[in-house]
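Work through the following exercises with the sequence and the model at hand, and try each task before you read its solution.

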Amino acid sequence: MELRRLRYFVAVADEGHFGRAADRLHMAQPPLSLQIKKLEGEVGVTLLDRSTRRVALTPAGERFLARARTILTAVDEAREEAVRVAAGEVGRVSIGFIGTATYAVLPALARRLRAEIPDVELDLKGEMLTPDQVDALHEGRLDLAVVRTPIPDTELDVRPLRRERLIVALPQDHPLTGGEDVDLRNLRGEQFLSYPSRHRSVIRDAVLDACRRAGYRPRLVQEVAETSTLLVFVAAGLGVALVPDSVRQLPLPGVVFRPLAGDPVDLELAVATRRGETSPLVARVNAALLAMYREG
């Protein structure tokens, strides 16, 4: 059964007249009558009563009309949905964020996507370490990942977002909070809180390298995976921590942030996707994230 014949039948039923239906369909009346006859032949019953001046539906035609409308509506909705999927306007996208980006990037990106593509279902996963996000991308559990570089993985497409400096988080009663900045050499002998060593942490490596250049190896007393928990431990006086500058957006009573003196220690924030990703929705979200940083 051809969909066009269903549309012809609905037009004739709506107009109650073959001539007016033909005008509505921009076709001649004889071909229209022929197509309706073929439809009745396919169905096997008479759908229209042509014995009066006005074309009327038979009881079978009335029931068939209701079904035809439902079918045509479903087809139109399917076509529209397919177009919207191809345009990246509907669907579900899963995005992972490292700890600091959970507070600095996630809220801004979520607001932007809600405004630009409101019908998209967002699955946002915060406080994920970069290695865990890389695994999740390969396994299909994430579509995009906001990570720290470098990522030596040729199967991923990694694009930089911004660079930010390491700063120091100190307990509020620490003597070094009195200055405008902190010389890393003055943290020799302090107890350091750090991100876990079970995976390769970019921030942990940066901290170890910065302290090495300052002439010592930091005394790491506690490993913490979540940035929020790390700051709670700093506030409790369990140690100090070197964290990205964006952590300032997570203020916590009992913690004081200070820049490091001397040459800055920079970290790069980036977005990663699977290389060769074909999803229009993933491409659109990726473009929105990159635009967000280009606009400042």
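**Exercise 1.** Find where threonine 58 is placed in this predicted model, and decide whether threonine 58 is buried or exposed.

*Solution.* Next, take the relative accessible area, which is 14% for threonine 58. Because buried means under 20% relative accessible area, threonine 58 is buried.

**Exercise 2.** Describe how helix α1 and helix α3 pack, and state which residues make the contact.

*Solution.* Two packed helices are described by the angle between their axes and the distance between the axes. For α1 (residues 3–15) and α3 (residues 29–43), the angle is about 110 degrees and the axes are 9 Å apart. Since angles of 65 to 115 degrees count as roughly perpendicular, α1 is roughly perpendicular to α3. The crossing of these two helices is left-handed. On the side of α1, the contact is made by Arg4, Arg5, Leu6, Tyr8, Phe9 and Val12, and on the side of α3 by Leu32, Gln35, Ile36, Lys38, Leu39 and Glu42. When the residues of this contact are sorted by class, seven are nonpolar, one is polar and four are charged.

**Exercise 3.** Carry out the corresponding analysis for helix α2 and helix α3, and say how many charged residues their contact has.

*Solution.* Helix α2 (residues 18–25) packs against α3 at an angle of about 105 degrees, with the axes 9 Å apart. The two helices are therefore roughly perpendicular to each other. From α2, the residues Phe18, Gly19, Ala21, Ala22 and Leu25 meet Gln29, Leu32, Ser33 and Ile36 from α3. Sorting by class gives six nonpolar and three polar residues in this contact, and no charged residues. In the loop between α2 and α3 you will find histidine 26, which is exposed, with a relative accessible area of 75%.

**Exercise 4.** Which strands are joined to β5 by bridges, and in which direction does each pair run?

*Solution.* Start with β3 (residues 91–97), which is joined to β5 by three bridges, the two strands running parallel. In this pairing, glycine 96 has alanine 145 of β5 as its bridge partner. Now turn to β11 (residues 266–274), which four bridges join to β5 in an antiparallel arrangement. Here alanine 145 has alanine 272 of β11 as its bridge partner. Finally, consider how β5 (residues 144–148) is covered: five of its five residues are buried. In a regular strand the side chains alternate between the two faces of the sheet. In β5, Leu144, Val146 and Arg148 lie on one side and Ala145 and Val147 on the other, and both faces are covered.

**Exercise 5.** Determine whether threonine 130 and aspartate 132 are buried, partly exposed or exposed.

*Solution.* Threonine 130 is found in helix α7 (residues 130–139), and aspartate 132 is found in helix α7 as well. The relative accessible area of threonine 130 is 11%, and threonine 130 is buried. Not counting residues up to four places away in sequence, threonine 130 touches Ile98, Val147, Arg148 and Ile151. Aspartate 132, at 24% relative accessibility, counts as partly exposed. The C-alpha atom of aspartate 132 is separated by 9.4 Å from that of glycine 96, although the two residues are 36 residues apart along the chain.

**Exercise 6.** Examine the backbone at proline 150, histidine 26 and glutamate 127.

*Solution.* Most residues other than glycine have a negative phi, and most peptide bonds are trans. With this in mind, look at the bond between threonine 149 and proline 150, which is a cis peptide bond with omega about 10 degrees. Proline 150 belongs to the loop between β5 and β6. Next, histidine 26 has a positive phi, near 60 degrees, in a residue other than glycine. Glutamate 127, in the loop between β4 (120–125) and α7, also is not a glycine and has a positive phi of about 55 degrees.

Definitions and conventions:
Residues are numbered from 1 along each chain as its sequence is written. This is a predicted model: local features need pLDDT of at least 70, side-chain atom pairs count only at pLDDT 80 or more; totals for chains, interfaces and linings use all residues. Side-chain values use heavy atoms; hydrogens and water are left out. Axes are lines fitted to C-alpha atoms, for helices over the stretch in contact, and angles run from 0 to 180 degrees between N-to-C directions. Angles under 35 degrees count as roughly parallel, over 145 as roughly antiparallel, 65 to 115 as roughly perpendicular and the rest as oblique. A crossing is left-handed if the near helix is turned anticlockwise from the far one by less than a right angle, and right-handed if clockwise. Contact means heavy atoms within 4.5 Å. Ala, Val, Leu, Ile, Met, Phe, Trp, Tyr, Cys and Pro count as nonpolar, Asp, Glu, Lys and Arg as charged, and the others, Gly among them, as polar. Buried means under 20% relative accessible area, exposed over 50%, partly exposed in between (1.4 Å probe, protein chains only). Two strands pair if DSSP finds at least two bridges between them.
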